[in-house]
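Here are a few worked exercises on helix packing and on a pocket. Keep the structure open beside you while you go through them.

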Amino acid sequence: MGSKYTKRYTEEFKRDAIALVDSSGKTVTAVARELGISSESLRGWYRKAKADRGEGQSGELTSAEREELRRLRKENREQQQTIEILKKATAFFVKENDR
């Protein structure tokens with residue numbers, strides 16, 4: 001789990017770090033060390049950038065696809081909650097009608 005003091009980096013910084021990996025020929029770990037950031041953070045940014053450029057591994061989602069999936073999952077959750085509420089309301093009114 002991350003600390004509540006996790007450092008946040010700007011999108012510009014991330015883009016520059018990714019460009020540095022691409023242009024320098026150095027490993028992600030070496031560039032991360034030079035920039036003073038976690039190699040795992042840079043590796044994650046680099047992997048996402050490659051996927052967004054269509055260079056990722058087979059089946060890897062782009063940022064747009066991940067966002068759409070997140071939105072659809074949220075929508076699905078909300079619809080499931082609505083269905084549960086309607087089921088309970090139906091059961092209540094059937095009970096009331098039987099009296």
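Angles between axes under 35 degrees count as roughly parallel, over 145 as roughly antiparallel, 65 to 115 as roughly perpendicular and the rest as oblique. This is a predicted model, in which local features need pLDDT of at least 70 and side-chain atom pairs count only at pLDDT 80 or more, while totals for chains, interfaces and linings use all residues. Residues are numbered from 1 along each chain as its sequence is written, and side-chain values use heavy atoms, with hydrogens and water left out.

**Exercise 1. Classify the packing of H2 and H3.**

Step 1: The axes of H2 and H3 cross at roughly 120° and come within 8 Å. Here axes are lines fitted to C-alpha atoms, for helices over the stretch in contact, and angles run from 0 to 180 degrees between N-to-C directions. Helices are DSSP runs (H or I, at least four residues), numbered from the N terminus.

Step 2: H2 and H3 are therefore oblique to each other.

Step 3: Contact means heavy atoms within 4.5 Å. On the H2 side are Val 28, Thr 29, Val 31 and Ala 32, and they meet Ser 39, Leu 42, Arg 43 and Tyr 46 of H3. By class, this contact of H2 with H3 has five nonpolar, two polar and one charged residues. In this scheme Ala, Val, Leu, Ile, Met, Phe, Trp, Tyr, Cys and Pro are nonpolar, Asp, Glu, Lys and Arg are charged, and the others, Gly among them, are polar.

**Exercise 2. Which residues line the largest pocket?**

Step 1: A pocket is an open set of points on a 1 Å grid over the protein atoms alone, where a 1.4 Å probe fits, with protein on both sides within 12 Å along at least five of seven lines; lining residues have an atom within 4 Å of a point.

Step 2: The lining of the largest pocket consists of Glu 11, Lys 14, Arg 15, Ile 18, Trp 45, Lys 48, Ala 49, Asp 52, Ser 63 and Arg 66.

Step 3: Sorted by class, this lining has three nonpolar, one polar and six charged residues.

Definitions and conventions
Helix = DSSP H or I, 4+ residues; strand = E, 2+ residues; numbered from the N terminus.
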